[in-house]
Amino acid sequence: TLDLTTDIEPWWLAFRILRMQPTIAAFSVACWNAPAVYEACRMVKSAAPEITIILGGPEVTANAEQVLESNPAVDMVVRGEGEVTFAELLRAMLSGKRTWMCKGVTARNGTEIVSAPDRPLLDDLDSIPSPYLTGLLVPTSTLSYIETFRGCPHRCAYCFEAKGSTQIRSFSEERVVAEIDALAPQVESFSFIDSVFNLTPSRLHWLADALEPHAARGLRLHTIEVDMERIGDAEAAELKRAGVVSVETGPQSVGTDALRISRREFSPERFIEGVRALKAVGIAVECDLIIGLPGDDAFDVIRGLRWVLNRDPGILQSSTLRVLPGTSLCTDSEELGLCYESEPEHAVIKTRELSFTDIRRLEVMAGALQSSYRARIDNRRLPVR
């Protein structure tokens with residue numbers, strides 16, 4: 001395996017792959033690395049046409065046939081959860097069976113592109129071998145994550161986290177604790193990729209129990225995703241006990257129309273209470289805002305920036321809307337008046353409420369506010385002499 005960062009050039013990626021002389025090259029693809037992956041695939045295929053190229057991941061799951069049509073160098077796409085599908089696909093290739101008949105696979109059959117039926121979601125997540133307990137992944141302080149469940153209780157129209165399902169499927173408590181105990185002594189910090197870390201009070205409690213001994217030795221957890229409106233003093237104390245030093249949360253927007261279209265619930269009062277509780281125990285809060293949500297005009301975006309800054313959370317983060325394949329915003333983009341880049345990263349170009357120029361001006365304004373707020377926070381931390 002090659003674990004690479006986003007600053008690597010595609011030609012260098014192709015060189016690293018070709019030097020290994022594989023028969024198969026498989027890539028995990030998200031919107032932010034897709035351009036580099038597609039370019040590397042073209043280079044690899046040109047240099048070694050015999051290499052079979054397989055893609056998987058969120059960027060290619062919902063539009064697999066389109067990806068194959070646009071990228072002749074790619075042979076197959078694994079859709080959705082890949083653990084079982086990828087293994088079955090490799091067995092089919094080894095035995096000479098028809099790869100396009102594997103559930104969850106979209107592949108070429110001569111000049112045709114064929115999609116097999118979807119593979120059902122895996123019920124028993126513990127049946128997936130642990131990358132840490134098996135030694136497949138070597139932990140590092142910058143690239144170590146633990147997953148305790150899959151799915152998301154929310155159905156936000158701009159997000160692909162739930163991948164079409166709000167069903168929550170969990171790894172067992174024993175499996176999660178074993179991974180924490182294996183990973184924590186080897187790194188100074190890591191994070192969780194769970195969509196909501198504080199999914200339930202009982203889950204938060206046993207995670208804090210598992211993490212507390214390691215936190216006492218100095219382990220720290222950064223940018224944990226939380227549902228801010230479920231946090232009070234008790235939940236903040238549990239997060240502190242677990243070694244959490246920063247969390248990431250919404251509100252994404254404070255505009256009534258944008259929240260309705262995005263199917264995102266928002267209680268300003270409960271959100272403010274959550275920020276207060278976390279700040280009281282010394283946990284920094286990263287509040288995220290999205291520029292370009294349908295329903296938001298420029299005044300809504302500015303009002304959102306002002307609202308977050310008035311909470312003084314510790315970190316302000318803004319980003320431009322990405323209209324991701326598989327999301328409701330992508331499916332309903334024409335009806336909603338969304339114009340966006342067809343190629344990844346799928347950034348919004350304009351909306352009914354915001355022109356191209358409006359969005360660019362808001363990006364500059366938000367960036368300036370982020371920088372000035374960060375400088376103000378940093379100045380607070382300077383020692384008094």
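Me: In what sense do β1 and β2 pair, and over how many bridges?

Reply: Bear in mind that this is a predicted model. β1 and β2 pair in the parallel sense, over five bridges. One place to look is Ser 28, which stands opposite Gly 56 in β2.

Me: Which residues of strand β1 make up its covered face, and which its uncovered one?

Reply: Strand β1 spans residues 24–28. Ala 25 and Phe 27 form the covered face. Ile 24, Ala 26 and Ser 28 form the uncovered one.

Me: Now strand β2. Is Thr 52 buried or exposed?

Reply: Thr 52 lies in strand β2, residues 52–56. Thr 52 has a relative accessible area of 17%. The cut-off for buried is under 20%, so Thr 52 counts as buried.

Me: What does Thr 52 touch?

Reply: Leave out residues up to four places away in sequence. Thr 52 then touches Thr 23, Ile 24, Ala 25, Lys 45, Asp 75, Met 76 and Met 93. Ile 24 and Ala 25 belong to strand β1.

Me: Next, a sheet. In what order do the strands of the three-stranded open sheet run?

Reply: The order is β6-β9-β10, with parallel pairing. β6 (145–146) and β10 (220–221) stand at the edges. Each has a single partner strand, so one side of each lacks a neighbour in the sheet.

Me: How many bridges join β6 to strand β9?

Reply: Two, and the strands run parallel. β9 covers residues 189–192. Ile 146 stands opposite Phe 192 in β9.

Me: How do I describe a pair of aromatic rings?

Reply: Give the distance of the centres and the angle of the planes. The structure holds seven aromatic pairs. One of them is Phe 190 with Phe 192, at 5.6 Å centre to centre and 50 degrees between the planes, which is tilted. Both residues are buried. Elsewhere, Trp 11, Trp 12 and Phe 15 form one aromatic cluster.

Me: Which residues touch the most other members of the largest nonpolar core?

Reply: General idea: in soluble globular proteins, nonpolar side chains tend to be buried together. Here the largest nonpolar core has 66 residues, and Phe 190 and Phe 192 touch the most other members. The largest share of this core, six residues, comes from α7. A second, separate core has 24 residues, including Ile 17, Phe 27, Tyr 38 and Ala 64.

Me: What does Phe 190 touch?

Reply: Again, skip residues up to four places away in sequence. The contacts of Phe 190 include Ser 144, Ile 146, Leu 183, Ala 184 and Leu 211. Leu 219, Arg 220, Leu 221 and His 222 are also among them.

Me: Which residues of helix α8 are buried?

Reply: General idea: an α-helix has 3.6 residues a turn, so residues three or four places apart point the same way. In α8, residues 233–241, the buried ones are Ala 236, Glu 238 and Leu 239. They cover an arc of only 160 degrees around the axis, which puts them on the same side of α8. Their cover includes α7 (201–216) and α10 (268–280). Just after α8, Gly 243 takes a positive phi of about 90 degrees.

Me: Last one. Where does the charged end of Arg 360 sit?

Reply: Over the ring of Phe 356, 4.5 Å from its centre. Look at Arg 311 too: Arg 311 lies over the face of Trp 307, at 4.7 Å from the ring centre.

How values were computed. Residues are numbered from 1 along each chain as its sequence is written. This is a predicted model: local features need pLDDT of at least 70, side-chain atom pairs count only at pLDDT 80 or more; totals for chains, interfaces and linings use all residues. Side-chain values use heavy atoms; hydrogens and water are left out. Buried means under 20% relative accessible area, exposed over 50%, partly exposed in between (1.4 Å probe, protein chains only). Helices (H or I, at least four residues) and strands (E, at least two) are DSSP runs, numbered from the N terminus. The arc is that of the directions from the helix axis to the C-beta atoms. Contact means heavy atoms within 4.5 Å. Two strands pair if DSSP finds at least two bridges between them. Rings of Phe, Tyr and Trp (its six-membered ring) pair if their centres lie within 6.5 Å; planes under 30 degrees apart count as stacked, over 60 as edge-to-face and the rest as tilted. A charge sits over a ring if NZ of Lys or CZ of Arg is within 6 Å of the ring centre and within 35 degrees of the ring normal. A nonpolar core is a set of buried Ala, Val, Leu, Ile, Met, Phe, Trp, Tyr and Cys residues joined through side-chain atoms within 4.5 Å.
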